[in-house]
Amino acid sequence: MRKSIIAAVVVLALVFAAGPMIVGAEAKSYRLNIATATTGGAYYPIGNAMAQIWSKNIKEVIRASAQSTAGTPQNVELMRNEEVQIAIGQNGICYYAFNGKGTYEGKPPYKEMRGMFTLYPNVMHWIVRKDAGIKSVADFKGKKFVPGQVASATEVNSREMMEVYGLNYMKDQGETNVTADYLGYNEAVDLIKNAQTDGAHIAGGVPTAAIMDVLSSGAGELISMEEDKIKEIVEKFPWYFPFTIPAGSYPNQDKEIRTIALSNILFTDVRQDEELVYLLTKATYDFHDDLVAAHKATAYTLLENSLNGMTIPLHKGAVKYLKEKGVNVPEKLIVD
């Protein structure tokens, strides 16, 4: 009897000693900031939709919110400084940042950046004031133009494309032949409607709210790029690819528009938990209909398109989910 009591006491002592180990650590919870772009483009409503999907359907996500920014370059720096956990960005700009070249010359490569998946094509829209007499990008010579906000991805795109047309609006890059106003999409549209500028470049999914606005007003129209210029740009900057905006995609747009696009991706940092990135990736695809309801461009956000245009290595949490779903993940995108 005495031996039984002693044995019971020993067992109880071991149970109490092991208690914290049996209970285990408290489950992790996350508060996420998603860097997007200006509210007049596609990034913001898409980021907001993802925030809602994650907050509603992932119990570990306590709160997720979309943050309006100047676009991809700022998003990269916010991520680098650990001010946001997730961001939307153009793959070309992310490529520059990861490798420390191009736009990011003079800054250290951001080797901790990791991709999650491709969202949709970011389409280059050339919008001109109807009475400005502009039929080609070349006609912006001597005109006023809105290339995007200072150092935004849209502005970098404007710079790259105009270079092929022999146009320059940057005073530190030599003689200028275009006058630039560095503004966001909504402000650019207001200038066009008020006849205070001759045109603008706006990058976004089809349809983009700011383009809808200006075309509905009758103040502006979209113009196409010439085939030879498209070919030259794609050869010089290989993250671009030809893209056609179908007729009727926007109000008062009765003909197709030939232009270029590049992929928008969702990206994060290698320091984010594998399980978190896995859950975010899974929820985005599981609740794809909610994403499309927020912006039609995300109809493209399908597993078969998940790695189109991806130029940086993937986060291992995304790799885990994509492989689980049968996606062929190229070895060059796996570094961890």
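Reader: How do the axes of H2 and H9 cross, and within what distance do they come?
Author: In this predicted model, the axes of helix H2 (residues 43-57) and helix H9 (274-286) come within 10 Å and cross at roughly 110 degrees. That makes H2 roughly perpendicular to H9, a label for angles of 65 to 115 degrees; under 35 counts as roughly parallel, over 145 as roughly antiparallel and the rest as oblique. Axes here are lines fitted to C-alpha atoms, for helices over the stretch in contact, with angles from 0 to 180 degrees between N-to-C directions.

Reader: Which residues meet there?
Author: Met-50, Ile-53 and Trp-54 of H2 meet Leu-280, Ala-283 and Thr-284 of H9, where contact means heavy atoms within 4.5 Å. By class that is 5 nonpolar, 1 polar and no charged residues. Nonpolar covers Ala, Val, Leu, Ile, Met, Phe, Trp, Tyr, Cys and Pro, charged covers Asp, Glu, Lys and Arg, and the others, Gly among them, are polar.

Reader: Before I go on, what are the ground rules for numbering and confidence?
Author: Residues count from 1 along each chain as its sequence is written, and side-chain values use heavy atoms, with hydrogens and water left out. As the model is predicted, local features need pLDDT of at least 70 and side-chain atom pairs count only at pLDDT 80 or more, while totals for chains, interfaces and linings use all residues.

Reader: Ok, H9 and H11 next: what's the angle?
Author: The axes of H9 and H11 (residues 316-324) cross at roughly 45 degrees and come within 7 Å, so the two helices are oblique to each other.

Reader: Is Lys-320 buried, exposed or in between?
Author: Lys-320 is partly exposed, because its relative accessible area is 36%; buried means under 20%, exposed over 50%, and partly exposed lies in between (1.4 Å probe, protein chains only).

Reader: How far is its C-alpha from that of Leu-167?
Author: The two C-alpha atoms are separated by 45 Å, with Lys-320 and Leu-167 being 153 residues apart along the chain.

Reader: Switching topic: how many residues of strand E7 are buried?
Author: In E7 (residues 199-204), 6 of its 6 residues are buried.

Reader: Which strand does E7 pair with?
Author: E4 (residues 113-129) runs antiparallel to E7, and 6 bridges join them; pairing takes at least two DSSP bridges. One of the links is between Val-128 and Gly-199.

Reader: Last one: what's the overall makeup of the chain?
Author: The chain has 11 helices and 10 strands, which are DSSP runs numbered from the N terminus (H or I, at least four residues, for helices; E, at least two, for strands). Of its 336 residues, 51% count as buried. Its C-alpha atoms fill a box of roughly 105 × 40 × 35 Å along the principal axes.
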